[in-house]
Amino acid sequence: MLGYILRRLFYAVPILIGVNLLTFALFFVVNTPDDMARLQLGAKHVTPEAIARWKAEHGYDKPLLLNAEAEGSARFTDTIFFRHSAAMFVFEFGKGDDGRDIAHEIKTRMGPSLAIALPVFVIGLLVNVSFALLMVFFRTTYLDLWGVVLCVVLMSISGLFYIIAGQYFIAKLWNLLPISGFAGGIDAFKFILLPVLVSVVAGIGSGARWYRTIFLEEIGKDYARTARAKGLGEGRVLFRHVLKNGMIPILTGAVVVLPLLFMGSLITESFFGIPGLGSYTIDAIQAQDFAVVRAMVFLGSFLYIVGLILTDISYSWVDPRVRLQ
């Protein structure tokens with residue numbers, strides 16, 4: 001298994017280079033180093049000399065991908081892409097264009113992001129799987145029918161509606177929780193409760209419907225019919241056999257979202273004023289801070305690859321027939 005993990009990590013290197021190159025190309029298609037300098041300096045301080053000085057201080061005074069004036073390997077290494085990308089493969093993110101240390105910002109903002117993402121992940125998974133099992137248990141009845149209708153309705157509503165409705169009714173009208181903001185320590189609980197509630201409710205429709213499809217496919221297989229023929233009740237067949245055999249697709253859906261737990265939710269954090277990694281990324285995009293954007297994209301891509309490796313490993317734990325080679 002160790003050889004498999006090392007091989008997968010080795011394969012990740014060209015993928016990360018490709019993602020980094022694509023991010024670089026997309027960012028500089030719509031921006032130039034001069035645009036970035038003007039935005040950071042502000043309208044009152046924009047002069048040709050100030051722009052040139054800012055570009056030199058932040059490493060944007062070189063060619064983008066190819067330095068035709070250099071010789072040898074410097075043609076590729078003495079460029080903006082190499083200077084801003086190579087260090088990330090040893091997780092040295094450097095400083096943002098505003099001068100703040102990116103690694104320190106990630107470390108500081110990781111806590112608020114996880115404070116929301118972890119409860120959403122755990123509670124959402126339990127609620128969705130339980131709701132799906134309930135619909136499958138009462139399949140071909142009106143309870144199953146109205147459960148599916150409810151899922152379709154919940155899926156059809158925009159996520160922004162849940163946020164705005166939650167803030168209006170729960171926070172403003174009934175004054176039960178703060179509308180937005182964040183605090184450290186035990187006071188954080190009252191600030192994360194509403195975002196967690198809104199995120200869980202918003203995900204019930206798609207999540208429960210997907211798990212229902214998985215369980216319906218499993219419950220029609222031979223092993224389920226054999227279990228019923230041996231005299232097991234429908235509840236024991238569902239919870240003892242079907243749930244166990246449905247773990248692989250459940251793990252697939254659960255493990256691949258692990259990077260999102262770390263990266264935070266872009267929209268939720270922005271609307272609720274949570275100082276996490278999601279709002280950090282949104283602010284960086286609005287400020288055209290390439291250093292932060294590339295760092296967050298690189299980190300997200302790396303975590304996604306790690307999530308896929310964990311998914312494969314979890315397959316072998318759930319199903320002994322799976323061999324990692």
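1. Lysine 62 is partly exposed, at 26% relative accessibility; here buried means under 20% relative accessible area, exposed means over 50%, and partly exposed lies in between (1.4 Å probe, protein chains only). The model is predicted, so local features need pLDDT of at least 70 and side-chain atom pairs count only at pLDDT 80 or more, while totals for chains, interfaces and linings use all residues. Residues are numbered from 1 along each chain as its sequence is written, and side-chain values use heavy atoms, with hydrogens and water left out.

2. Lysine 62 forms a salt bridge with aspartate 78, with 3.7 Å between the closest N and O atoms. A salt bridge is a side-chain nitrogen of Lys or Arg within 4 Å of a carboxyl oxygen of Asp or Glu. Because lysine 62 lies in the loop between H3 and H4 and aspartate 78 in the loop between H4 and H5, the pair ties together parts that are 16 residues apart in sequence. Helices (H or I, at least four residues) and strands (E, at least two) are DSSP runs, numbered from the N terminus.

3. Aspartate 78 also forms a salt bridge with arginine 83, the closest N and O atoms being 3.1 Å apart. Arginine 83 is partly exposed, with a relative accessible area of 45%. A search of the whole structure finds 11 salt bridges.

4. Another of these pairs joins glutamate 218 to lysine 221, with the closest N and O atoms 3.2 Å apart. Glutamate 218 is placed in helix H9 (residues 188-219) and is buried, at 9% relative accessibility, whereas lysine 221 is partly exposed at 34%. Not counting residues up to four places away in sequence, glutamate 218 touches Tyr223, Ala224, Val242, Asn245 and Gly246; contact means heavy atoms within 4.5 Å.

5. The secondary structure of the chain comes to 16 helices and zero strands. Of its 325 residues, 39% count as buried. Its C-alpha trace spans about 85 × 55 × 35 Å along the principal axes.

6. The domain assignment gives domain 1 (1-90) and domain 2 (113-318); such bounds come from an automatic or database domain assignment. The contact takes 23 residues from domain 1 and 19 residues from domain 2. The C-alpha centres of the two domains lie 35 Å apart.

7. The largest nonpolar core has 30 residues, and those with the most contacts inside it include Phe28, Tyr60 and Phe290. A nonpolar core is a set of buried Ala, Val, Leu, Ile, Met, Phe, Trp, Tyr and Cys residues joined through side-chain atoms within 4.5 Å. Helix H16 gives the most to this core, with 11 residues. Domain 1 (1-90) and domain 2 (113-318) both give residues to the core, so it lies between them. Leaving aside neighbours within four places in sequence, the contacts of tyrosine 60 include Phe28, Met36, Trp54 and Phe290.

8. Valine 306 also lies in helix H16 and is partly exposed, with a relative accessible area of 27%. Valine 306 and leucine 9 are 297 residues apart in sequence and 8.1 Å apart in space, C-alpha to C-alpha.

9. Phenylalanine 76, in helix H4 (residues 74-77), is exposed, with a relative accessible area of 53%.
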